[in-house]
Every structure is written in C-alpha cells, then in structure tokens.
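I opened my notebook to keep track of what I looked up, one entry at a time. Come along and check each entry against the picture.

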Amino acid sequence: MPPFRLQNTVDRLDKPSSYAMSKYKKQARRRHDDPRDQQPDRQPSPDLEDKLADATTLYVGNLSFYTTEEQIHELFSKCGEIKRLVMGLDRFNKTPCGFCFVEYYSHSDALDCLKYIGGTKLDERIIRTDLDEGFAEGRQYGRGKSGGQVRDEYREEFDPGRGGFGKRYQEEVGYAGEYGQGN
Amino acid sequence: MADFEDRRDYRGGGRGGPFNKRKRYREDDDRDHPSRNQRPRYSAPPPGTQLRKGLLEIGEDTLRMPHEVAIQLARLLVDNYDDEYVKDVFTITTMKLVVEQPVKIPFVAAVVLFAHMEKKEAAQDIVSTAAEWFDEYINKGQWRSAKLMLRFLACLSRLFEQDGVFPILDELFNRAVDLQTASPEDAVGLELVKIILLTIPYLLAYAEDTTLPEKAVALLEKTDIVASAAHPVEALVDPYPGTAEGAERPMVCASVISLLQRQLQEEAATGWALALLPRIFDPSLKSKIPNGDETNGNTNGDSNTKLTFPSIIVPSPINPGSKTLFPELFFSLFADQEIESVPPTSNIASTLLRDATVDTINLLDFNRIATAKVLNELDNFFAPNIFVKRSTTFDKLRDIPAGSTTWKPEDVTIDAVFSQIFALPAPEHRLVYYHSLITESCKISPGAIAPTLGRAIRFLFRGLDAMDAELGYRYMDWFAHHLSNFEFRWKWTEWIPDLVLPALDPKKSFIVGLLDKEIRLSFAKRIRETLPEPYFDLIPASKEKDIPDFKFADDATPFAEEGREIIYHLKKKASEEEIQKVIDTVHEKAAAQGLDAEEAQKRSTDIYVTSILSIGSKSLSHVLSTIDRCKERLLALGPQSEPSRRQIISSVFDFWSEHPGIAVNIVDKLLNYTIVTPMSVIEWTLKDNIDRGRALASPHYFELVSITMFKVTNRVHQLLQHRNNTTVPFEQRLQINDALPRERQGMRDLFAAIEDAVAGVAAGAQDEMIERFDGEDAESEYIKAWGARWARVWRRKAAVEEQIANEGLAIEMVEPAAVPLPMGEADEGLGEEMDQIE
C-alpha cells in the first residue's frame, strides 16, 4: 500500500479544474496510443501539475459578452497587479465572446485568484477561473462553428449576457431565424 | 466538493436535448460500465479510510454525541494499531487537523484520551509526534502553529505524569521577558505572552492536576506586567483614532493580551469554569466503549498509567520568525453593546472564540467554501447551550430570559471576519479573501447572515468620522465588492438623509466613493437602477458615456487645430518628425501668445497625451498599446521638465474626469513605464491638486497615493527578500544590499513628502486656508480632520516600513561555505520532511 498522504484537511481551490485535468488526460491517452510515443527512451511528458507549477495565467470563463476589460481589471487586480489581459473574441466579428485570459506577474497571485475570485460574480454572473499554461496567439478566438465559444453553439437556455440562445440551436430550431434575413 | 465551477449547466433540460451530442444512451452505459446495475453490495470501507473520514468530520455530526464519535474512532485506531497505514493515517490526520482546524482540537484530543484507556502506546506515539512538531515550529518561529500544537498537548494534560506543558509556559515567559527587556517596542515577546495566556484556559479545562489553578495564578501574576502595559505601537494600529475629544469611541479596542490577562484573572477568581470549552472525554464512559472483541488482547492499556511528557527545549534566544509582528487590538462590531449578541470583552469566551475562529479563517484560506461551512457550524465545536440556536433573529434576543445565553453564532463569525478586514497594519491574506468568505457565508445561510451584516454595515457607517482613513477605504472597497455579488441590493433609503451632507463629510465621501466603486465593477446605468431617486444626482448621465470627447475636436479649445493634427498623425502612425513639427508649431504659437517655454511645453504635452488617451479610449489594452508605441517621447518628457511630467497626470485625470478609476489605472501603468515617477504622482496629488486640503476627501486621490506607495514599498520588500534569500548567489545578494539604502531613502523621501503636505492640512497651516477661514468655519474643521486622517495613515505606513526594513536588514549576511551542499539539501530541515508527509 502506498504511504498515506494528506496535503490538507479540506480540498484546495487552487488546483487545475477537473475539466483541465480530463482534457489533459485525454491528450495523454492519445499520446500513449500513438506509436511514435512508444520509444522506450522517450521522456514522459511533464505532468499537468508540473506544467502549471509556475503558471501565472488564468482562463476566465462564463463572462457576459458585455463585460469590459475595465470591469475585469477592477475585480482581478484585487489579487495582484495584472500584467496582461487578453479578451476572448468571436473569430469572425472580433467582438467579445465571453472569456478572457488574465496574466499576473506571479504564480501566487494566480493561485489567490483561483481561491478568492473563481466562482464569485462579475457583472452579476458567476465566473469560472482555471489555471492556464499561458496565452498563445490565436487562443483569443472562439473555437465554435459560428465564431464564439463551443458552449454557446447548442445552448437551449436564453442567456441575454451571451447572445441569447445558442447559435446552432437557433438555426436548427428556427428560433428567431428571421433576424438573420435582414428583411 | 462544491461544483460551483461546473462548466455545463444542468438547469432545465440541458441534457438530453435534441442537439446534445453528449447524450448518453443506455447502451453506452452497458458497454462502458458492465457492472453498473450489479454493484457489489455495500461493504464498509477499510479502517484507514474510515478513520481519516471520521477524524476530518469530527464534531460536525450533530446526530451523535461527540463522545460517541470519539469512542468509535478510538476503537478503530486501537483495533488496527498493528497496521502501519492506519497508524500513519491517525498521526498525520490528527496533526494536520490541529494546525488547520483549531476548533477541532478538543475533539481529536478526546479520541487520543479514549484510545489511551485501551492502548497506552497509541497515546504515547501521538504525544511524541506532537512534541516533535511543536519543537520544529518553535525553532522556526512559526508561532501560530506552535500555539496550536501546544494547545493540543494541553488538551491531553491528564495523560501526563508530572507537569506536562506547564514548564513550557514558564520557559516561554522567560523568553518574553528577555525580549521585552531588550526593547520596549518588541512585539515577539507579546506574541509569546499571548500564546501563554491562550494556553492556560485549555490547560485548566482539561487537566486533572489540582495544583494547576494555583500555578496558573502565579504565572498570571508574572504576565501581568507585560500584558497590562500599553505598547508604544498600539496607537498606530488603532482603527478608531479620530474620536473627538470627550466623545465616546465606537469601540474600545483594548489590546488582546490585556483583555486576556483580565479575563483570566476573572476566571481564576470564579474557579475556572471555562464554560465555553467542550468537555468530551469522561473516563466513566469507558464501560460504554463498544468492545468488538474482548479477547483480542487490546486491553493492555490502563487508564491510570500516565505518560511521560516528552522533553521540549525552548531555544534561547528564540527565533522571532519571518513575519513582522504588531500588537493586536480586539476589534468587535458587536461586543459590549446593549444586547449581548456576542460574549462581552470581560468574558474569556470572547477571546477564545475569536482566536479559534480567526485562526481557522486564516489557515483555511485555500478553500473559502469549506471555511464558510466550518464558520456556519461554529456552535458545534463548543459546549452545548453556549449559543442561541442558529438563525435566531436579533430582536428575539431581547425576549430571552435573563441568565440564558444570548450569543448569536452568526454575530461571532461575522465579527471575526470583519476583525481581519479591519486589521492594521494588514491582515494575513489579501482582503478579497475575506470578501469572498463573507459572500460564501451569505450563500450558505442568507437568512441568518444578511441581518447580521446589515448591523455591521450600519455600525461601521455610523463610526466613519472616527475611523482610520485606510479602514474607511477598505470598508468602501469591501461593500462595493460585496454588493456586486448580490445584485447591488442594500437599503439605500436609510442613507438618503446623509446625501445633503457636504462633500467633505466622511459619510458623504464614503457614499460617493462607494457608488463609483460599484460603477467600476458594473456600469453607471445599472447602478442607477438599483438606487432610489435622491441618489440620481450622484450618477449624472455624463457617467454613462463610455468614451470621453476629444476636447480638441472643439474649436473653442486652444490649439484645437494642432490637437487634431497630432491625433491624426498618431492614428496614421506617422513619423516622429511629423509629430515634432506640430509640437514645434504649438510652442511657437504659445510663445506668440506670451506663454513661457514651460507653459508651452505643458500645452504640447497635454495635446500629445490627450491624443494618446483618446485613441486608447476604447479599452485598457488599447491605451496600453498606444502608450507603448509612444513611450520614447513620453519618457523623454520627464527629464526635460518636471511640470510636463505632472502635466501627463493632469491630462489623464482631465480626460477621464467622469471615470477617475480609469485614470488611476492608467497612472499605475505609467508608473510601470517610469513615464511618471512616484514623487511626481505624490506632488501632483498633494501639492498641485491639494485644493486647500479638499483633495484629501477624495477616495480617488487616496487610491492614487496608495497604489503609488504600494509599488515603492513592495519593491523594497522584494529587495529585502532577495537579500535574505540564501538560494540567490551571494554576489548578487551583496549588490542588492548595496542598492537597498538608496531605495530605502527614496521611500523615506516619499513618506516625508506626504507627511509634509498632509500635516500642514491637519494643522490648518495652508496659507490660503487662513485667509479664507477665520477659526470656527465648518469647512475648515472638515479639512483639518481629513489632514489628520491622512497623516495617521501615512505615519503608520512609514513606521511599519521602517520596522520591516530594520528587521530585514538585521539578518546577517553570511557567505555560504565554499563546498555547496547537494541540491535541495541546502536549507531544508525537518520542516520539509514534515511537508513531505503531505
């Protein structure tokens, strides 16, 4: 039996989310199945937790499309000075599409943000924060078919802060489809 | 774990909709989980797991008596003591609980006491480990952890042959005396006395030794001199320094150790009832231990066999620890008021509860949701009937017959959180942690917490005149952030009568600043919607304009033409020569108008900076990228002329006059670029724009000076840290050491500049003021009070920084031995081993 380990008496909020972990595991499994990766002398790819051990960037999700940089700055600077703020944009319209990357100067500021800001409200919406490997050009754009985030494609609930109904959903159900016609 | 960050929204028919590709069909389940419908019948988890879970949840189960839980856990331990894993689980979980969730200490101690009755060895082992950990903490100067481990040992007092922990208290006292004799400003000695005084009640509540009360009284006689003397630094950390002469202070704020001293003397006089502490262990319950198997030989313990207390040496001199300590005052919004909703400060329960609650809050900052849960259940961890039932309304307390308790658990916990938000010079964690903890508490129990918060908010608002200015700012910042989490709902009608107060009144200044902070987190139109009509004047329509006008678009503005040319060139990314040409024209025209060269330079600076701001008005990143593009010219301005440098700040505040928060942010970035200097910001605020002292009532100016000074002091902190970081190459450390005096002098000059400006205002010495007012004028009184408020804040900060720097520089720089230790072993002691247990 492995030795007993107990980091803390309650869970920590400053860890990568289960979403990030599962995404990472999926990638790792894919690598594992890849024959190129079967060479015995190949170094195992670093553990996600190691990769994020010095992370200073956070992914911030569930923002309203109307939330401004200034608002984000106002809240997130409560956890330390912000080095860079990159708004997530619709790939086609270049308008905010409900997420952003916040980069701090230090790792501990980013962790503080996970602990104290993730799951609280900004612009009256509960926002989500996740530790991120770091921003790279291109990642500021939505990866959904219609240009925004994937989660906004099929949403069946009306969310006025995120463009109403999901875009695919609107098209397929025909909800308010006439708005797209222009006459 | 709470699933607050779940990405998918399960509300409504989110799953299984016609377009949800994630839909799972029954077939999928069968394929993926063939055993799903044939789950094996429930079998109890292994003993290690049961023990861990049981310990972590100790005290939380209200359906079973605490002693039943303790007995069951003791049995699990004793029955499986030959299993190393189980032993480890017990030791590590217990130790971790002691130093992370202090409210559970008496509960885990009870488990040890019950286990001891059956297996002396089990108790001896945990005592030895606790002594080792204590030893480590005390050697490292980790005072809070040392205090908690000592408390755990004190709760086990009845196990020990002779004196147990008492000799340690004596030793700690000797060290405190040494420290106090060495320096009257010493705070570490006070911390030691605090630890002694906070251990005594646990010792007396849980020991059997009948000679203890006498010894405790003797020790209290000794601590009296240290505990009762007023510390010279106390005045600096007073949250209510501005109380007018003769007026009643909003709260007394006695020093924590002086309170403890008096409370313990009171307890001694009344026979150490210590009614607050839960008494879980009772040897007569031994017969009730459900003994699974009498014949398994586990009953080799003997309840009368005492343990030897491990030898612990308190080092001399002691390690003061890495944290700069300050005397602590007892901050309470609710204590000693007409209705006793929290223990009065004459009762030892007030300090014991506060200590356990604040430690829990500060130790569990990594999970505010779990912390809020512990706070919500605080009454579970103390003796029954100490509190009224949770959620009892404040008004109901009046109807409770005399002699019964009227303490509200919600008031005790919220009071404790506020004591941290209002801690001077600074709380342990970022303020936003305490904000978020209050938010979580409201989410768990809105009906119970909201009214308590309401009383806290009103209490603080009433006392704003006397409150320290930094705390007034923290109050505003917290309240705006809090409201942003709860639809900005507040009984705004209550403060309508205060709206007619002059702008210089602290209450009015608070309301104006609060609304601005709300707008910064939201937007003007939304905030107006949440307010009653009398507030509308404070949010004029101009606040709704996101992008300010470019003033040079108006021909009435001097140099309008040149302004438009500059912005055109900047937008076009024209060459520097072309821009210089326009600037030269401005200078020529200015000269022709009879303006001197300095004034001309200021005009061209205004045009240039305003154009940058206008181009960047869309968002912070826009303005930053524009500044970045223009930074050469901006950087060149300062060295040419200081007035031009300050003109940059003026242009920023003029352009963003309706959104001064944005202006503050931009100046913050300009400081990073060194386009403006800290001194130019201080002088711009407190000389150029002091407006006879009125500026001091503006929260934006307080914010501007605060962020500027934070940058400066933070830099000194970082240098000190590097200087004393043994992993940094020695050469580099020496260089930093050489640079420190200069940095420190720069910091001192800034503090002196602030002092100069605000002390003058406080004394009413501003020339223009004397001309305008003759003595009793109300406005001049307001202004002098603001001057005094600022002076206290910045004098405190200067004193704190001096202390931090002195402590940091007092650490000797020793060149490491020539032969370096193998990587990772250089400065790792037992502590790291302890961390590795994690």
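This is a predicted model: local features need pLDDT of at least 70, side-chain atom pairs count only at pLDDT 80 or more; totals for chains, interfaces and linings use all residues.

Entry 1: I then went to Cys155(B) and asked: is it buried or exposed? Its relative accessibility is 1%, so Cys155(B) counts as buried, the cut-off being under 20%. Cys630(B) is buried as well, at a relative accessible area of 4%. I also looked for disulfides, and over all chains the structure holds zero.

**Entry 2: helix α3 of chain B.** Next I picked out helix α3(B), which covers residues 66-79. It has 14 residues, and I found a reach of 20 Å from the first C-alpha to the last, close to the 20 Å expected at 1.5 Å a residue. How many of its residues are buried? Ten of the 14 are, and the helix is mostly covered. Among the buried ones I noted His67(B), Val69(B), Ile71(B), Leu73(B) and Arg75(B). What do these buried residues pack against? I found four helices of chain B there: α2 (47-56), α4 (84-100), α5 (105-118) and α6 (120-140).

**Entry 3: an arginine inside chain B.** I moved on to Arg354(B), which sits in helix α12, residues 348-363. Its relative accessible area is 11%, so Arg354(B) is buried. Which residues does Arg354(B) touch, not counting those up to four places away in sequence? My list reads Phe330(B), Phe331(B), Ser332(B), Asp415(B), Ala416(B) and Ser419(B).

Entry 4: Ala805(B) belongs to helix α32 of chain B, which runs over residues 778-810. With a relative accessible area of 1%, Ala805(B) is buried. Leaving aside neighbours within four places in sequence, I saw Ala805(B) in contact with Leu720(B) and Arg744(B). I liked the case of Leu720(B): it is 85 residues from Ala805(B) in sequence, yet the two are 7.3 Å apart in space, C-alpha to C-alpha.

**Entry 5: chain A as a whole.** I turned to chain A and wrote down five helices and six strands. Along the sequence they follow the pattern α-α-β-α-β-β-α-β-β-β-α. Chain A has 183 residues, of which 50% count as buried. Among its contacts with a separation of 6 or more, 62% come from residues 24 or more positions apart.

**Entry 6: strand β6 of chain A.** Why is strand β6(A), residues 128-132, said to be largely enclosed by the rest of the structure? Because five of its five residues are buried. Arg128(A), Asp130(A) and Asp132(A) point one way from the strand, while Thr129(A) and Leu131(A) point the other way. I then looked for a partner and found strand β1(A), residues 57-61, which pairs with β6(A) in the antiparallel sense over five bridges. One bridge I traced joins Thr57(A) to Asp132(A).

**Entry 7: where the chains meet.** Last, I looked at the contact between the two chains. It takes 59 residues from chain B and 51 residues from chain A. The size of an interface is often given as the accessible area lost when the parts come together. Here the buried area is about 5000 Å², and carbon and sulfur atoms give 52% of it. How many salt bridges cross the interface of chain B and chain A? I counted eight. One salt bridge I looked up links Lys78(A) with Asp477(B), whose closest N and O atoms are 3.1 Å apart.

Methods:
Residues are numbered from 1 along each chain as its sequence is written. Chains are lettered from A and ligands numbered from 1 in the order in which they are written. Side-chain values use heavy atoms; hydrogens and water are left out. A disulfide is a pair of cysteine sulfur atoms within 2.5 Å. Buried means under 20% relative accessible area, exposed over 50%, partly exposed in between (1.4 Å probe, protein chains only). Helices (H or I, at least four residues) and strands (E, at least two) are DSSP runs, numbered from the N terminus. The expected span of a helix is 1.5 Å times one less than its number of residues. Contact means heavy atoms within 4.5 Å. Two strands pair if DSSP finds at least two bridges between them. Buried area is the accessible area (1.4 Å probe) that two parts lose on being put together, summed over both. A salt bridge is a side-chain nitrogen of Lys or Arg within 4 Å of a carboxyl oxygen of Asp or Glu.
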